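Subject: Structure for you, with notes on its pocket, ligand and cavity

Hi,

Here is the structure I promised. Please open it alongside this email, as my notes follow below.

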Amino acid sequence: MIEKIKETASFLAEKTGFNPVAGIILGSGLGGLVNAIDIKHKFEYSEIPNFPVSTVEGHDGRLIFGFLGGKQVVAMQGRFHYYEGYPLQQVTFPVRVMKLLGVQTLFVSNAAGGLNLAFEVGDLMIIRDHINFFPDNPLRGKNIDELGTRFPEMSQVYSPRLMQKAKQISIQNKIRFQTGVYIGSPGPTLETPAEYNMFRLLGADATGMSTVPEVIVARHAGMECFGISIITNLAKPADADKPTTHEEVQNVAQVAERNMTLIFTELIRGL
Ligand code: HPA
């Protein structure tokens, strides 16, 4: 495993000459941040040695190297999901490659369902903690001692320093934000009403099918993490008689995505 990670990192380092300080993983429909990057190199996932082989149709994954906020970054436009059939070790492989490329801080984004009754569609949630509801853990199996310890500590997974800065940036730019707990579950089904209720009772504010595995692997390797969920739909029962149109969701998601881009960019500028 570590040999494969090293091989992929060497390939990318040689092709790009990059030593990115930040890694960015963009969630479904949130690839627009890429337009803010001054792109220097672009790779289809299929061109990258050892990257998971796409098993699904229309997988438009790209790894992008460029400058954002004046810093060298590497960004994944599209991620690998557990529901596509990849084991979590493959889902998280790119994060380990990022680590070997020199990335110290990982930025993650996702589209999520809102569980917190105070949330609205289009809200941007700064992730302050997560619940791993996947039936697995990406660190299961032989530990890669070169990357991190067997029993990684998980008390402050999301960087308090970056959360604080993100809140300041949001206030300065009049961006409405929420803070909350993200629960990651396997999918691909969306939740039943009973499951949404259960997740809310468990203490989660937003639910999705990603992020948790990548962040676990990043923390294992000592990377600082920061995450944002864009709330694309609400789980609250009262919403049943007031359906949101796809268009409305798209519009609010676009505003939230612009705001997310601003927050990520300013945080990276300050790294
Ligand atoms: N549930 C799970 N994943 C999601 C949702 C949801 O309601 N919305 C966007 N991703």
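How much space lies in the largest cavity? About 30 Å³. Keep in mind that this is a predicted model.

The cavity

The structure holds one cavity of 30 Å³ or more. Its lining includes R79, F80, H81 and Y82. L88, V91 and F134 also line the cavity, as do M209, S210, T211, P213 and E214. Two helices, α2 (88-91) and α6 (212-220), each supply at least two of the lining residues. By class, the cavity lining has seven nonpolar, three polar and two charged residues.

The largest pocket

The largest pocket has a volume of about 370 Å³. It is lined by 19 residues, and the closest to its centre are A111, A112, L190, G208 and M209. The largest share comes from β5, with four residues. The pocket lining divides into seven nonpolar, ten polar and two charged residues. M209 is listed for the cavity lining too.

Where does the ligand sit? In the largest pocket. β5, β8 and β9 each give two or more residues to the shell around the ligand. β5 gives the most, three residues.

The residues around the ligand are:
- A111, A112 and G113, among others
- L190, E191 and Y196, also among them
- T207, G208 and M209, also among them
- T232 and N233, also among them

By class, the shell has five nonpolar, five polar and one charged residues.

- E191: a polar side-chain atom lies 2.7 Å from a nitrogen atom of the ligand.
- Y196: a polar side-chain atom lies 2.6 Å from an oxygen atom of the ligand.
- G113: a polar backbone atom is 3.3 Å from a nitrogen atom of the ligand.

How much of the ligand does the protein bury? Taken alone, the ligand exposes 260 Å². The protein buries 89% of that.

The largest cavity holds about 30 Å³ of space.

Best wishes

Key:
Residues are numbered from 1 along each chain as its sequence is written. This is a predicted model: local features need pLDDT of at least 70, side-chain atom pairs count only at pLDDT 80 or more; totals for chains, interfaces and linings use all residues. Side-chain values use heavy atoms; hydrogens and water are left out. On a 1 Å grid over the protein atoms alone, a cavity is a set of points where a 1.4 Å probe fits but cannot get out, and a pocket is an open set with protein on both sides within 12 Å along at least five of seven lines; lining residues have an atom within 4 Å of a point. Grid points are joined across faces, edges and corners, and a volume is the space filled by probe spheres set on the points. Ala, Val, Leu, Ile, Met, Phe, Trp, Tyr, Cys and Pro count as nonpolar, Asp, Glu, Lys and Arg as charged, and the others, Gly among them, as polar. A residue is near a molecule or strand if one of its heavy atoms lies within 4 Å of it. A polar contact is a pair of N or O atoms within 3.5 Å; within protein, one must be able to donate a hydrogen and the other to accept it, and residues adjacent in sequence count only if both atoms are side-chain atoms. Accessible areas come from the Shrake-Rupley method with a 1.4 Å probe; for residues, only the protein chains shown count as cover. A molecule sits in a cavity or pocket if more than half of its atoms lie within 2 Å of its grid points.
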